[in-house]
Amino acid sequence: MNIQHNEALRDKLASEYVLGTLIGGARRRLETWMKADAALRRAVAEWQDRLAPMVEFATAVQPPPSVWSSISKRLDLQSPAKRKLAYWLNLREDLSFWRGLGMVSTTAALIFLSVLMMRPTTDIPVTSFVAMLNDDNAQLIAVATGDATKNRMTIKVVQPQVLPADKSLELWAITKEGKVRSVGLMDEQGSYTVTLGDATSPEAAPILAVTLEPKGGSGDPNKATGPILYKGAWVKI
């Protein structure tokens, strides 16, 4: 299959890849194509930017009893040779398991509630925007969340970076007019929060980019000097 000049098919495969509905040999073929196709990697990264923030807001759904019955029939779990397997899969029959789980869940809930009570409610961020920062191979490096009510942005690095001693990572906001504004040096690992100005807010600057700069940054808050390593677009929630 030649997808190089079929833009609609490329976009469809990229979306199915990110959703997880592209499986088996088709998924492996797409991953092979991505290694040599930068445009295809960008398409996948764009779908990740669109869909990844939705995961945080997906609610848990309890499957109906008919689902378990169907699985049990298909796997013939009620046959004598498979009753032990059925026991481990159907943990509802193990009351001691649920009692233990209930104790652990209650303890965890109390700890979590205690932490919330110790924190002032004004410090709890309100996520208004999300941006996924990916490299050229569509690999997620960091996640940015923006709090429009307090003009703050939190960066969570999911792939810690190792830099030469004479280099720094600098985070930039790119405005709708194509101008760049420095947001500050990017922590190479962990999580941190920075304050956003009017020119660097998600509404004014919908794109984030990270460049490799000399130690301490470019020296000019309106001009990047190094190559772009990671980038991503803000998605409004």
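User: How many helices and how many strands does the secondary structure of the chain come to?

Analyst: The model is a predicted one. Its chain has 6 helices and 8 strands. Read from the N terminus on, the order of elements is α-α-α-α-α-α-β-β-β-β-β-β-β-β.

User: What share of the residues counts as buried?

Analyst: Of the 237 residues, 30% count as buried. The chain exposes about 15200 Å², and carbon and sulfur atoms supply 60% of that area. As for contacts with a separation of 6 or more, 55% of them are between residues 24 or more positions apart.

User: How do I read a sheet, and in what order do the strands stand here?

Analyst: Strands of a sheet pair through backbone hydrogen bonds, and the pairing is either parallel or antiparallel. Here 8 strands form an open sheet with antiparallel pairing, in the order E5-E4-E7-E8-E1-E2-E3-E6. The edge strands, E5 (180-185) and E6 (190-195), each pair on one side only. On average, neighbouring strands of this sheet are turned by 25° against each other, direction ignored.

User: Is strand E2 mostly covered or mostly open?

Analyst: Strand E2 (residues 140-147) is mostly covered, with 6 of its 8 residues buried. As a general point, side chains in a regular strand alternate between the two faces of the sheet.

User: What is the bridge partner of Val143 in E3?

Analyst: In E3, the partner is Lys156. E2 and E3 (residues 152-157) pair in the antiparallel sense over 6 bridges. Their hairpin has 4 residues between the strands, and Asn151 takes a positive phi near 50° there.

User: Over how many bridges does E4 pair with E7, and over how many with E5?

Analyst: Strand E4 (residues 167-174) and strand E7 (residues 207-214) pair over 8 bridges in the antiparallel sense. In this pairing Leu171 stands opposite Val210 in E7. E4 and E5 are also antiparallel, with 5 bridges, and Ala173 stands opposite Arg181 in E5. In the hairpin of E4 and E5, with 5 residues between the strands, Gly178 takes a positive phi near 90°.

User: How do I read a pair of aromatic rings, and how many such pairs are counted here?

Analyst: A pair of aromatic rings is described by the distance of the centres and the angle of the planes. The count here comes to 1 aromatic pair. The ring centres of Phe129 and Trp234 are 6.2 Å apart and the planes stand at 70°, so the pair is edge-to-face. It links distant parts of the chain, 105 residues apart: Phe129 is in strand E1 (residues 129-134) and Trp234 in strand E8 (residues 228-236).

User: Are Phe129 and Trp234 buried or exposed?

Analyst: Buried means under 20% relative accessible area. Phe129 is buried because its value is 7%. Trp234 is buried as well, with a relative accessible area of 10%.

User: Which residue lies over the face of Tyr17?

Analyst: Arg27 lies over that face, at 4.0 Å from the ring centre of Tyr17.

Technical notes. Residues are numbered from 1 along each chain as its sequence is written. This is a predicted model: local features need pLDDT of at least 70, side-chain atom pairs count only at pLDDT 80 or more; totals for chains, interfaces and linings use all residues. Side-chain values use heavy atoms; hydrogens and water are left out. Helices (H or I, at least four residues) and strands (E, at least two) are DSSP runs, numbered from the N terminus. Buried means under 20% relative accessible area, exposed over 50%, partly exposed in between (1.4 Å probe, protein chains only). Contact means heavy atoms within 4.5 Å. Accessible areas come from the Shrake-Rupley method with a 1.4 Å probe; for residues, only the protein chains shown count as cover. Two strands pair if DSSP finds at least two bridges between them. Axes are lines fitted to C-alpha atoms, for helices over the stretch in contact, and angles run from 0 to 180 degrees between N-to-C directions. Rings of Phe, Tyr and Trp (its six-membered ring) pair if their centres lie within 6.5 Å; planes under 30 degrees apart count as stacked, over 60 as edge-to-face and the rest as tilted. A charge sits over a ring if NZ of Lys or CZ of Arg is within 6 Å of the ring centre and within 35 degrees of the ring normal.
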